[in-house]
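I wanted to see how the parts of this one touch each other. My notes are below, in the order I looked things up.

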Amino acid sequence: MRKFTKVTMLVVTIVLFAGLVGCGPSAPAGPVTIHVLTMDQAGLKPAEIDQIAREFEASNPDIKVVMEYLGYDYIHDKITTGMAAKPPAYDAVMIDVIWPDEFIKAGYMLDVTDRVTPEMKAGMFPASWNGVTRNGKIYGMPWLMDVKYFMYNKDILQKAGIAEPPKTWEELVDQAKTIKEQGLVEFPIIWSWNQKEGVVCDFTVLLFGNGGAFLDASGKPVFNDEKGVQVLTWMKQTLDDGLSNPSSVASDENAVRDNFMAGNSAFAVNWLFQFSDSNDATKSQIVGQAAFAPMPVFAAGAAAGVQGSSVDGSSSFAIMATTPYPDQTWKFLSYLASNEVQIKYSAEMLPVWQDNFKGDALTNLEGATPTNPMTVPAFMAQFPYANERPTVSYYNEASAALQLAIQEALTGVKPPKQALDDAAAKWVELAGQ
Amino acid sequence: MAAVSTSPPRRHLSLRQQDARIAWLLVIPSLIVILGVTFWPIIYTFILSFFIVPTGINQVRTFVGLGNYLEMVGSRTFWETIGRTLHFTVVSVGLELVLGLAIAQLIHSHPWGWKFLRFSLIIPWAVPTIVNGAMWRWIYSADFGALNGILMQLGLIKHYVPWLSLPNLAMELVILADVWHTMPFVALILQSALATLPEELEEAAAVDGASALRRFWSIRLPLLRPAILVALIVRTVDAFRVFDIAYIITNGGPAFRTVTITYLTYLNSFAYGKQGIGAALSFIISIFSIIMAFFFIRTLYRPEETQ
Amino acid sequence: MIRYGKFLRRFSLFLLTLPVLVFIFFPVVWLSSASLSTQVELFAIPPHWIPQHPTFQNYLDIFFPSQAASSVPRTFAIALLNSIKIASSVTLICIILGSLAAYALVRIPFRLNRTIQIGILGTRMIPEVSLILPLFIVASSLQLINRPIVLIIAYMSFALPYAIWMMAAFFQTVPIELEDAARIDGCTRLGILRRIVMPIAVPGLISTAMFTFLLAWDEFFYALIFTSTLAAKTAPVAIAEFVGRYAVNITGMMAGGILAALPPVILGLIFQRYIVAGMTSGAVKG
């Protein structure tokens with residue numbers, strides 16, 4: 001039996017070794033550690049959020065905050081897989097405006113209706129609460145209210161002899177042609193039309209600007225009607241005419257910003273962060289040249305009464321339903337979204353507290369950072385026209401179908417009408433499941 | 001004298017039986033691991049594929065029988081994905097075999113620096129798949145990539161082309177990246193096989209007047225057959241289940257053109273929250289792999305190969 | 001005349017090796033050169049093939065992160081460490097368990113031996129995607145997600161059968177006469193294994209170890225699904241996350257890529273003989 005014990009001992013040793021290496025750090029006694037996942041894209045920069053976390057820890061020594069940053073496109077799947085762990089991989093995650101329906105259905109988001117104080121409820125924009133409220137229950141803390149803005153390069157327009165930025169998309173095309181003919185930039189317009197959520201955002205802006213919509217009153221898809229087809233055809237036409245940069249089809253919002261910052265385009269539709277980055281001397285070649293203008297609409301849309309159009313890209317923070325530390329997490333989120341903190345970092349991200357936009361507080365806000373005098377009026381002008389993407393629980397897969405359809409049309413694989421019809425059929429199928 | 005043979009009680013087992021005992025002892029730990037980590041999950045996946053399994057906490061699983069399979073078989077996306085995966089497999093493995101054989105031959109003929117060539121061959125293979133993908137993704141980059149840079153400097157293109165956005169080209173570019181990475185495997189196997197080939201056969205044929213091409217075709221190639229077969233089967237099974245490189249270079253785009261069957265499974269299981277469909281897809285992939293494995297075992301395990 | 005012909009032949013063969021060498025080295029050299037560039041230079045058109053202002057800053061950001069560096073390089077070093085820990089554990093376990101099983105399977109006749117061999121060979125063919133869902137479901141209910149142990153266990157699914165198969169081929173090359181002789185001298189089965197077979201099969205052990213290490217290091221799919229936080233995230237997952245934000249820090253991604261590739265490439269170059277022997281152990285009848 002000597003051999004038996006030898007082999008057994010060997011196996012036991014291996015198991016112990018694996019256990020030692022494998023089990024990772026155990027939960028430390030003492031301060032509670034919470035994990036928060038957010039995106040490294042729009043909104044505050046990681047360095048700034050880290051700073052906020054350190055400030056919070058300084059005044060709350062019994063809570064430690066570990067932040068994790070991911071590109072926006074990766075967050076959704078990480079949430080799904082992270083939630084499978086017990087305790088969940090994250091205690092709080094950033095929730096994009098299009099996810100609550102799916103995640104509430106899956107049971108991921110904690111009901112925090114009772115934790116919201118009346119000051120918060122009254123102080124923050126109603127629109128921001130709408131993003132996280134379903135059936136009267138609140139599931140998250142608003143944080144970032146963002147819309148897509150229309151930005152243009154003042155210097156390029158001046159050189160081209162254009163006095164005013166365009167008010168309609170048709171005017172935009174004319175101005176872009178002028179700029180191109182004069183050889184100022186090769187491709188005057190850059191978009192985020194890669195096969196990710198970004199293209200649906202751009203499509204939303206254009207679709208509503210043409211008087212179109214995603215769903216009708218009964219919930220049936222109507223984005224494939226003649227207004228939607230017109231929009232998609234227009235998009236493809238600008239590519240064919242060499243006015244929209246061909247790499248738009250492969251670009252996300254970061255790439256759009258890079259292109260605009262390098263002075264390679266005259267017009268770029270993007271979230272707020274593009275403006276502050278464009279004025280960052282360490283990265284941008286066009287410091288001081290970027291300017292806002294109201295988002296153009298289509299002539300047909302204006303005739304139908306559409307005064308403005310953009311897309312709501314707000315995000316909030318939600319507490320994960322299975323977290324062992326809901327109280328500490330809520331405390332941190334309250335701090336993160338508090339008025340003082342938001343004003344301090346308002347260059348990247350405007351506050352969600354509406355009083356800041358009235359009277360003295362408004363003047364205060366506008367003076368808070370060098371770029372605020374431009375961003376605050378732009379926000380106030382554009383936000384009222386922010387359109388929502390459909391709030392359905394199957395949105396993730398539905399959006400994927402629409403992204404695919406737009407890509408197929410833009411790359412010439414399918415005619416626009418057929419591509420949109422196929423996507424609409426998929427939406428109907430998903431709604432029925 | 002009455003000599004009573006007092007054999008210790010233990011030795012009622014024959015030598016062969018003792019041996020077998022030891023064998024079991026040595027094999028059981030591995031067996032437990034494999035049964036637990038491979039066999040059981042396959043069965044569980046199979047069972048799962050008969051349910052609708054939404055992701056989430058405390059979600060209800062609904063039994064649908066063959067529903068998931070029928071939905072897949074009826075979906076155009078499924079068949080297009082199978083087609084794309086087969087395209088990837090055939091082209092990728094084909095290129096690897098041809099290139100691998102050519103390079104193996106090249107090394108075998110011992111030109112100057114052949115040792116260095118063989119030494120460097122391992123580098124593309126050793127680079128992790130993800131790093132390989134990230135590297136090629138940057139090379140193909142529409143705005144700043146090396147491919148665009150070279151073609152522009154050679155005067156072959158006038159402006160930068162968004163290579164990875166061309167639906168008809170994207171898959172071939174992914175294939176190129178994959179071939180770069182795995183061709184050394186084939187080349188090294190074939191080169192080792194070439195090195196062990198008996199030279200006398202070919203020398204005799206040369207003396208008899210056979211041309212180099214003839215010698216290659218009728219003598220060398222048949223002798224290489226076992227090595228080629230192994231490389232072929234291993235690479236085919238691996239190519240069919242490709243995921244990492246498609247994920248990192250193109251994320252499945254443009255227009256779904258680089259979504260392979262494993263990628264489709266990932267999407268259904270984790271992005272769309274339909275784990276039942278994901279399970280059904282996994283199972284179909286397993287069946288294919290097992291069929292390939294069957295051929296593999298049959299090829300390799302000739303009767304004389306056992307102990 | 002003959003010598004001239006032979007020279008010509010050798011020379012033209014040499015010429016043929018040049019495009020092959022370029023094909024092999026260009027991407028890697030470009031990656032290295034990019035990792036030593038600044039972001040501004042990398043975005044230059046036409047590309048600066050050799051950076052005009054080379055810098056090690058990208059590597060420094062990973063190992064000695066300053067506040068200015070974004071968070072991804074800072075955490076990359078941890079991911080590298082995780083990869084090392086996990087790949088080493090997997091290798092160790094597979095070598096030990098695998099060689100024991102392999103020896104039994106090739107040298108000891110017992111009932112079910114053949115069945116087990118075929119079974120193990122078959123499981124090597126099972127794709128990861130087939131196992132991911134059940135493993136994911138079980139791992140999450142056992143609270144193992146985001147701990148290195150879950151990856152170590154999951155990797156067994158492909159590493160252990162591979163290791164057994166490779167070791168089996170190497171054990172078969174040990175002359176059976178030696179074992180028989182030892183048998184006659186009264187050595188026990190385990191004694192033979194320990195004293196005779198193992199020492200001879202050391203090259204085989206090294207081959208298998210290297211191969212297994214590379215396999216584990218390379219793995220991405222399981223790591224992507226099972227690990228999201230620093231506790232267990234591996235290098236390939238970290239690289240993929242770099243790519244997701246590449247416009248923010250491409251040079252960091254390049255440096256990270258080089259670092260993630262260094263261990264397997266260096267091991268591959270040093271232990272090349274062994275690895276190639278491992279690759280061919282099933283292919284070439286020997």
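Predicted model: local features only at pLDDT ≥ 70, side-chain atom pairs only at ≥ 80, totals over all residues.

**Contacts between and within chains**

I started with the contact of chain B and chain C, which takes 83 residues from chain B and 81 residues from chain C.

Next I asked which element of chain B gives the most to the side that touches chain C. That turned out to be helix α1 (residues 15-48), with 19 residues. I then sorted the chain B side by class and got 59 nonpolar, 20 polar and 4 charged residues.

On to the domains of chain B. I have domain 1 at 18-48 and domain 2 at 76-305. Their C-alpha centres lie 32 Å apart. Looking for contacts here, I found 4 residues of domain 1 of chain B against 6 residues of domain 2 of chain B. The domain 1 side of chain B splits into 3 nonpolar, 1 polar and no charged residues.

Then chain C, where domain 1 is 2-60 and domain 2 is 71-280. I get 32 Å between the C-alpha centres of these two domains of chain C. In chain C, 10 residues of domain 1 are in contact with 7 residues of domain 2.

Which helices of chain C each supply at least two residues of the domain 1 side? I noted α1 (2-35), α2 (39-42) and α3 (57-63) of chain C. The largest share of that side, 4 residues, comes from α1(C). By class, I wrote down 4 nonpolar, 6 polar and no charged residues for the side of domain 1 of chain C that touches domain 2 of chain C.

Technical notes. Residues numbered from 1 in each chain as written. Chains lettered and ligands numbered in written order. Domains from an automatic or database assignment. Contact = placed C-beta atoms within 7 Å. Nonpolar A, V, L, I, M, F, W, Y, C, P; charged D, E, K, R; others polar.
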